[in-house]
Amino acid sequence: MTQHDDFARRLTASLDQGLMEIDTSTSQRLASMRRQALGGDNRIPAGHSVLAWASRPAWIAGFLVLALLLAGWWFMQPAPTPYSAETDILLLTGELPPAAYADNTFSQWLETHSTF
Amino acid sequence: MARNTLNFLIGLLFLVFSTLTLARGDADRAPLWTELSIPERTALTPIAYDWDHLPAQQRQNLLKITKEFAKLTPTQQQIFYSRLQPWTRMTQAQRDAARDNFKKLQEVPKPEQAQIKRLWTQTVGSESAQFAQPASGQ
């Protein structure tokens, strides 16, 4: 018998002795918890607080992923065009050609000459 | 429990990426020339050869304009035709500047607008051929 075997034997003996010394109510509670763990009983702890709800990581993860989904969708929406089609058609059929309006000096020129 | 959570997360992530991919596809989608209706092609005739090479967003904007084309008078349609190609060849910044300045001019009282347009054509406009009037519209 090796030193390790001897240690293992003494340890199991000590554990068995301790098991026999556990009182009946504690033993029953342990058995109940063991059954709960093995049976996959995942009922949330009693209580109505947010913490009780949040103790389910799947819900939190799901909520976060859905939030990310919504945020992603929102960011991917094309930026609203600040000008309508009506503006563009007026610009393309107006008296001045669009190139005139696009000229860098037009805005400045407009400010100077719009004070008649 | 851990396995269920993992499966749930994988499923949700798959859903997220599928939706984002589809959304991106829709945003980038703009019809090719061959997919346009006859009225749309009629309005966009001057840029028929450029159409398929334009950015999707620009094509979407131009399609909105085509809906107004049928309401124009023949003279306005002629002006529209003459300006459409130069318009599409401008940069986005130039188009935005043109829209901004056009809006600013619209805010000026009508009599002043006419005077400003006339002065611009006589002074600055006459100095450059690019401002030449294609036709006398409106």
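Arg9(A) and Asp6(A) join their side chains in a salt bridge, 3.2 Å from N to O; that term asks for a side-chain nitrogen of Lys or Arg within 4 Å of a carboxyl oxygen of Asp or Glu. This is a predicted model, where local features need pLDDT of at least 70, side-chain atom pairs count only at pLDDT 80 or more, and totals for chains, interfaces and linings use all residues. Residues are numbered from 1 along each chain as its sequence is written, chains are lettered from A and ligands numbered from 1 in the order written, and side-chain values use heavy atoms, leaving out hydrogens and water.

Back to our pair: Arg9(A) and Asp6(A) sit three residues apart in helix H1 (residues 3-21) of chain A, so about one helical turn separates them. Helices here are DSSP runs (H or I, at least four residues), numbered from the N terminus. Arg10(A) joins these two in a network of salt bridges.

Over all chains, the count is six salt bridges. Here are some of them:

| Pair | Closest N to O distance |
|---|---|
| Lys71(B) and Glu68(B) | 3.4 Å |
| Asp96(B) and Arg99(B) | 3.2 Å |

How open are these residues? Buried means under 20% relative accessible area, exposed over 50%, and partly exposed in between (1.4 Å probe, protein chains only). Lys71(B) is exposed at 61%, while Glu68(B) is buried at 14%. Asp96(B) is partly exposed at 29%, and Arg99(B) is buried at 4%.

Now for Trp51(B). Leaving aside neighbours within four places in sequence, its contacts (heavy atoms within 4.5 Å) include Pro31(B), Trp33(B) and Leu62(B).

Definitions and conventions: Helices (H or I, at least four residues) and strands (E, at least two) are DSSP runs, numbered from the N terminus.
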